[in-house]
Amino acid sequence: PTRHGVRRQRQMCIRDRFGSPGPGKDDGYIPAETEVSVSATGSGHQANVFQFIHRVANGENVNISDELGERFRLASDSILNTLYTEARDVARAIATGLRAEGFLTPDGTPLPADYFLNLIEGQDQSPSDLSLLRLTHCRAMQLDERNLAGCTMSHTDLNAFTILPAPTKEGLQIWYEDKTSPENSGWVQLDAPSDKFAYIVNFADQMEITTGSFLRSTPHRVVSPIGEDRYSIILFVGFQRDIALAESKLTHASGMDTSRFEIEATARMPGTPLTAQSFTDLRKFDIGLIPRDVAVDQLKFVPIDRIRQDGV
């Protein structure tokens, strides 16, 4: 096929892999019809854009016409393809930077530039369906009622890394920790500039696990906007479901730490391999998307409060 044909096939593969919710199928972290962020406070809302498209395509959303739904699909496809192209470059850049720092593969060989890209994509180069493109909406507040807990409370992301283009209004803050001078630690405003194509990359929990805590998962929050609603689009980039996280951990001549996320997850899933899928399920249990009886009785997960009581 021509180069244009290959690119078009790849774009269709990306769209189909990311956005194919159906009956009883939950590709993302928020099931269809829920649409309220589990980490939001006040009137903040988050939704998976592809769940919007799915409902429109089935004629279930009477508020959006089929014509508008098609235009929305085309626009979101374009955004997804652009951001996922950047994500592939980010994955290569991470591996290249780690190699320069002396990191090796799990078996001690030189770290290839496509190491993390291979964890994200299958052999057919299709992206992991644990990746997610999400549209977020934070409703504006009056100045005298602003709550710095905000639209989205402090948290880390559960995936590999997250790409955050410029939103319509500032609000993203990351936690900066200065271990040398703790008094300098605090929340730092860090939205991407809106006057150019730019984005923030947040490392997430599974990247911290596979780099032995060298790359730390970024605590962040979104404070409620004042006077004007805030809209943003986020690409959560995940590993393939069957990737064994501990076995994928890099090595280094100076030795490797074990991430707190690996320690806690291993303690909470006795007898269950620590994979991208099981780690995602564990986090979905923590935020209420997997019922307690299913998580505890069927999956044999240990509730987080019990683990922390035991000092893990």
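Threonine 275 is buried in this predicted model, with a relative accessible area of 15%. The cut-off for a buried residue is under 20% relative accessible area, so the value of 15% places threonine 275 in that class. The residue sits in the loop that runs between helix 6 and helix 7. Apart from its neighbours within four places in sequence, threonine 275 is in contact with Arg241, Asp242, Ile243, Ala244 and Leu245.

Helix 6 covers residues 260–268 and helix 7 covers residues 276–286. Two packed helices are described by the angle between their axes and by the distance between the axes. For helix 6 and helix 7, the axes come within 11 Å and cross at roughly 80 degrees. Angles of 65 to 115 degrees count as roughly perpendicular, and helix 6 and helix 7 are therefore roughly perpendicular to each other. On the side of helix 6, the contact is made by Phe261, Glu264, Ala265 and Arg268. On the side of helix 7, Phe279, Leu282, Arg283, Phe285 and Asp286 take part. The residues of this contact divide into 5 nonpolar and 4 charged, with no polar residue.

Helix 7 is largely enclosed by the rest of the structure, because 9 of its 11 residues are buried. These buried residues are Ala276, Ser278, Phe279, Thr280, Asp281, Leu282, Arg283, Lys284 and Phe285. They pack against helix 5 (205–210), helix 6 and helix 8 (292–298). Helix 7 is followed by glycine 288, which has a positive phi, near 90 degrees.

Within helix 6 lies glutamate 262. This residue counts as buried because its relative accessibility is 11%. Leaving aside neighbours within four places in sequence, the contacts of glutamate 262 are with Ile209, Ala246, Lys249 and Leu274.

Helix 8 contains arginine 292. With a relative accessible area of 49%, arginine 292 is partly exposed. Its contacts, leaving aside neighbours within four places in sequence, are Phe285, Asp297, Pro303 and Arg306; Phe285 is also one of the buried residues of helix 7. Arginine 292 and valine 302 are 10 residues apart in sequence, and their C-alpha atoms are 9.8 Å apart in space.

Most residues other than glycine have a negative phi. Lysine 300, although not a glycine, has a positive phi of about 65 degrees. Lysine 300 belongs to the loop between helix 8 and helix 9 (304–309) and counts as exposed, at 51% relative accessibility. Serine 213 is likewise not a glycine, and has a positive phi of about 70 degrees. Its place is in the loop between helix 5 and strand 8 (220–222). At 10% relative accessibility, serine 213 counts as buried, whereas lysine 300 counts as exposed.

Glutamate 228 is found in the loop between strand 8 and strand 9 (230–237). It counts as partly exposed, at 42% relative accessibility. Glutamate 228 and cysteine 138 are separated by 90 residues in sequence, yet their C-alpha atoms are 9.1 Å apart in space. Leaving aside neighbours within four places in sequence, glutamate 228 is in contact with Ala140, Thr168 and Lys169.

The protein as a whole has 9 helices and 9 strands. Of its 312 residues, 45% count as buried. Among contacts between residues at least 6 apart in sequence, 74% join residues at least 24 apart.

The average pLDDT is 78, and 74% of the residues score at least 70. Over residues 1–6 the pLDDT is below 50, and this stretch has 2 contacts in the model beyond near neighbours in sequence. Residues 18–59 also have a pLDDT below 50, and here there are 97 contacts in the model beyond near neighbours in sequence.

How values were computed. Residues are numbered from 1 along each chain as its sequence is written. This is a predicted model: local features need pLDDT of at least 70, side-chain atom pairs count only at pLDDT 80 or more; totals for chains, interfaces and linings use all residues. Side-chain values use heavy atoms; hydrogens and water are left out. Axes are lines fitted to C-alpha atoms, for helices over the stretch in contact, and angles run from 0 to 180 degrees between N-to-C directions. Helices (H or I, at least four residues) and strands (E, at least two) are DSSP runs, numbered from the N terminus. Angles under 35 degrees count as roughly parallel, over 145 as roughly antiparallel, 65 to 115 as roughly perpendicular and the rest as oblique. Contact means heavy atoms within 4.5 Å. Ala, Val, Leu, Ile, Met, Phe, Trp, Tyr, Cys and Pro count as nonpolar, Asp, Glu, Lys and Arg as charged, and the others, Gly among them, as polar. Buried means under 20% relative accessible area, exposed over 50%, partly exposed in between (1.4 Å probe, protein chains only). pLDDT is the predictor's confidence in each residue, from 0 to 100.
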